[in-house]
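Here is a short tour to read with the structure open beside you. Have a look at the fold, and then we can go through it together.

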Amino acid sequence: MSIADNPLRYNEMGDGMYRRVRDLREDKDMTQTQIAEILHCSQRVYSDYERGVLDIPTDILIALADFHHVSVDYILERTDCKSDVRK
């Protein structure tokens, strides 16, 4: 089955991804501003990532996974296992 054959649109598949990004931040009791500083972006841009207004660029996705010690697959909801297997 190709991506074109998938009946789900990207945003329908990714809604949980944005929730996971927010939950990971909240689990560390950090503000959006604090995470934005770590990622070298504005709080507004980071907020747009969490709300799904902006797609998260690959480099930011990798940085988030590294910072939270989870796999990119966890953030993308390809797995429910938080563990970063590269440890």
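The axes of helix α2 (residues 32–39) and helix α4 (residues 58–68) come within 11 Å and cross at roughly 115°. Axes here are lines fitted to C-alpha atoms, for helices over the stretch in contact, with angles running from 0 to 180 degrees between N-to-C directions. Please keep in mind that this is a predicted model, in which local features need pLDDT of at least 70 and side-chain atom pairs count only at pLDDT 80 or more, while totals for chains, interfaces and linings use all residues. Residues are numbered from 1 along each chain as its sequence is written, and side-chain values use heavy atoms, with hydrogens and water left out.

**How α2 meets α4**

- The helices α2 and α4 are therefore roughly perpendicular to each other (angles under 35 degrees count as roughly parallel, over 145 as roughly antiparallel, 65 to 115 as roughly perpendicular and the rest as oblique).
- Ile35, Ile38 and Leu39 from α2 make the contact with Ile60, Ala63, Leu64, Phe67 and His68 from α4, where contact means heavy atoms within 4.5 Å.
- By type, the residues of this contact between α2 and α4 are seven nonpolar, one polar and no charged (Ala, Val, Leu, Ile, Met, Phe, Trp, Tyr, Cys and Pro count as nonpolar, Asp, Glu, Lys and Arg as charged, and the others, Gly among them, as polar).

**Overall picture**

- The protein has five helices and zero strands, counted as DSSP runs numbered from the N terminus (helices are H or I, at least four residues; strands are E, at least two).
- Along the sequence, the pattern reads α-α-α-α-α.
- Of the 87 residues, 34% count as buried (buried means under 20% relative accessible area, exposed over 50%, partly exposed in between, with a 1.4 Å probe and protein chains only).
- Among contacts with a separation of 6 or more, 44% come from residues 24 or more positions apart.
- The accessible surface of the protein is about 5,900 Å², and 50% of that belongs to carbon and sulfur atoms; these areas come from the Shrake-Rupley method with a 1.4 Å probe, and for residues only the protein chains shown count as cover.

- His68 sits in helix α4 and is buried, with a relative accessible area of 8%.
- Leaving aside neighbours within four places in sequence, His68 is in contact with Leu24, Arg25, Lys28 and Ile35.
- Ile60, also found in helix α4, is buried with a relative accessible area of 10%.
- Ile60 is in contact with Leu39 and Tyr49, again leaving aside neighbours within four places in sequence.
- From C-alpha to C-alpha, Ile60 and Leu39 are 6.9 Å apart in space and 21 residues apart in sequence.

- Gln32 lies in helix α2 and counts as buried at 17% relative accessibility.
- Not counting residues up to four places away in sequence, Gln32 touches Arg25, Gln43, Tyr46, Ser47 and Glu50.
- In helix α3 (residues 43–51), the buried residues are Tyr46, Ser47, Asp48, Tyr49 and Glu50.
- Just after α3, Gly52 takes a positive phi of about 80°.
- Arg22 lies in helix α1 (residues 10–27) and is partly exposed, with a relative accessible area of 32%.
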